Amino acid sequence: MYISKKLGFLQLIIILLSVLKFSTGFMRNRINATVEEVDNNTLYQILSVQRHVVVYFYDHGHQQESIYKLVNGTSYKVDETMLPISVVTVCATFYDEMEKKLNIYIPSVTYFRDGGKYKSEYKELMKINGNHGNPLYEWIKLKIGSPIKLLRSMNETNEFIITNNLIAIIFMKDFDEKIMKNISTVAEQADHIAYGLVYNETIFDHFKITNQSLLLIRKESEDTEPFHLIYSGDWNIESLGSYLFIESLPIVNEFKIGELTYFDSATIKHDVYLFLIQSDFEFPLALNNYRNACKLFRKEIRCYFVDTANEINLKFSQQHGVHVGYGYPRFQLVATSKKGSRIRYRLKGPKFEFGRKGFNNRDLMNMIETQDIINFFDQLLQRKLSPFYMSEIVPEYDENASDDIENIGHIPLSSMIKTPPLKLKFIHKVVGATFKTLVKNPEWTSVVYFTAKWCMGCNRTIHEEFTKLSQYYQEHRRNDLLFGYSYFDLNDYEELTATKMPRIKIFPKQSNEQIDYEGKEHFDDIKEFIETVERTVK
């Protein structure tokens, strides 16, 4: 009897171990999986039934590996801990209506609650408060719980301050429902900050607080003392939110491409970027001069510096017309407007005009001074500056057989009739500086592919289908037609209507219309569309 019971107990242990092995293997397989990719309609369906949804929106060809890994890891963690959250990714490039309908940034990681009635963007600066695990997962846990922690003793308060780098402590004598509701609303939006609530008089006395206040503690580095800022202004959502968004960030932030850092404040009018080399021996001096100017305009201008020696920032620098090397300034300052990120302004002057006196111009090596920046900021806010339209180098018309796209620009056609019209001799490379004169010329119709070097399908269309079209219209002696291509991420275009890129656009002659082509990128389809436009647009 005893032996049979013992054997039965051993069999039970074996069965339990087998189940555990199976479940562990199952979980391991789950961890090797990838986060679910959905289309726009599926996303809308998920939002309609799930209370908590996290979505990574990205552009086609621009899925950022570090962010994807973070979202992927979060998906596993959510499944593992059985949090009631759906985590998905969406390639937003293919759904033009989505950005406007959901009011989102692309790229972004966005949290939706209650069908999209409440939403919040994840910011890389979340990790400012040093989560040791997955920062996105920790952020999500905060989003589905209370954003404010009640601090009941000095020990709790000290631990709260030690474990976080960016803290807002609300000191209240008595409970005020309206103020607490406003603070909770702001805390959900400005969620890169750790919030504490204090009623305890001992904690009031420790911080020498006598009335209802908010104490913002910001640790910028281990080498400097934390900033302590007291807010005792209006407790409405707009005033409190603007204060926290502005004062919670360092005066000057390091910009890193690929990090999601969208901080909105109603008072911010411009983002400003100082492009320089961080290994420069005078980098600390330049950064200090920049910081001294930025702190005077903190409510209206958000300041970043960009290390141009870091290859990961190269594309961002080029998109702002910034180049590094002989003949270029040591320091380049570019401002963008909050109303449109492609409206740019540059700091000008002898020290900042590249190519002004040739490659050996000593002025270009001089230090950027605080007063230079202050004057620039004053003129910027007073609207005394003209926008800087970025453009690649204007291509030369070259009849040689060589096809050096980077330097010559135009793509020569391989088979041409003896005296082809000039406009049909090439697939023209359109740059920002030639857009108005070349493309928006009333004497001819222009067909332009706004593309990017990374878009292989676009470049195939330009080299194959556009070449066939241009040769076809040569044979029909069409001197009033131009085919071109342009890298939209390296140029600005005055008077170009906003559109989703990459995109083929047609500019009919003697017309102000700009018509998007959304059909198949084949010879017959594009040809039919061109002829339809020419018949209908007068």
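Which way, left-handed or right-handed, does α14 pass α15? In this predicted model, α14 passes α15 in a right-handed crossing. A crossing is called right-handed if the near helix is turned clockwise from the far one by less than a right angle, and left-handed if it is turned anticlockwise.

**Before the close-ups**

This is a predicted model, so local features need pLDDT of at least 70 and side-chain atom pairs count only at pLDDT 80 or more, while totals for chains, interfaces and linings use all residues. Residues are numbered from 1 along each chain as its sequence is written, and side-chain values use heavy atoms, with hydrogens and water left out.

**Figure 1. The whole chain, with 15 helices and 21 strands.** Helices (DSSP runs of H or I, at least four residues) and strands (E, at least two) are numbered from the N terminus. Of the 538 residues in the chain, 49% are buried; buried means under 20% relative accessible area, exposed means over 50%, and partly exposed is in between (1.4 Å probe, protein chains only). Taking contacts (heavy atoms within 4.5 Å) with a separation of 6 or more, 72% are between residues 24 or more positions apart.

**Figure 2. Two stretches where pLDDT stays under 50: residues 398–408 and residues 414–421.** pLDDT is the predictor's confidence in each residue, on a scale from 0 to 100. The chain has a mean pLDDT of 78, with 79% of its residues at 70 or more. Counting beyond four places in sequence, the model has 19 contacts for residues 398–408 and 14 for residues 414–421.

**Figure 3. Helix α14 (residues 456–475) against helix α15 (residues 523–536).** Their axes come within 10 Å and cross at roughly 55 degrees. Axes here are lines fitted to C-alpha atoms, for helices over the stretch in contact, and angles run from 0 to 180 degrees between N-to-C directions. The two helices are therefore oblique to each other: angles under 35 degrees count as roughly parallel, over 145 as roughly antiparallel, 65 to 115 as roughly perpendicular, and the rest as oblique. On the α14 side, look for Thr461, Glu465, Phe466, Lys468, Leu469, Tyr472 and Tyr473; they meet Phe523, Ile526, Lys527, Ile530 and Glu531 in α15. Sorted by class, the contact of α14 with α15 has 7 nonpolar, 1 polar and 4 charged residues. For the classes, Ala, Val, Leu, Ile, Met, Phe, Trp, Tyr, Cys and Pro count as nonpolar, Asp, Glu, Lys and Arg as charged, and the others, Gly among them, as polar.

**Figure 4. Helix α10 (residues 283–294) meets helix α12 (residues 370–381).** The axes come within 8 Å and cross at roughly 35 degrees, and α10 passes α12 in a right-handed crossing. From α10, the contact takes in Asn289, Tyr290, Asn292, Ala293 and Cys294, and from α12 it takes in Thr370, Ile373, Ile374 and Phe377. That contact has 6 nonpolar, 3 polar and no charged residues.

**Figure 5. Helix α3 (residues 65–81) packed on helix α5 (residues 135–143).** With axes 8 Å apart, the pair packs at an angle of about 50 degrees, which makes α3 oblique to α5. The crossing of α3 and α5 is right-handed. Leu70, Val71, Thr74, Lys77, Val78 and Thr81 in α3 meet Pro135, Leu136, Tyr137 and Ile140 in α5. The tally for the contact of α3 with α5 is 7 nonpolar, 2 polar and 1 charged.

Figure 6. Most residues other than glycine have a negative phi.

**Figure 7. Gln514, in the loop between β20 and β21.** Gln514 counts as buried, at 15% relative accessibility. Leaving out residues up to four places away in sequence, Gln514 touches Lys440, Glu495, Leu496, Thr497, Lys505, Ile506 and Phe507.

**Figure 8. Leu150 in strand β6 (residues 148–151).** Leu150 counts as partly exposed, at 42% relative accessibility. Beyond its neighbours within four places in sequence, Leu150 is in contact with Glu156, Leu197 and Tyr199. Ile170 is 20 residues from Leu150 along the chain, and their C-alpha atoms are separated by 9.6 Å.
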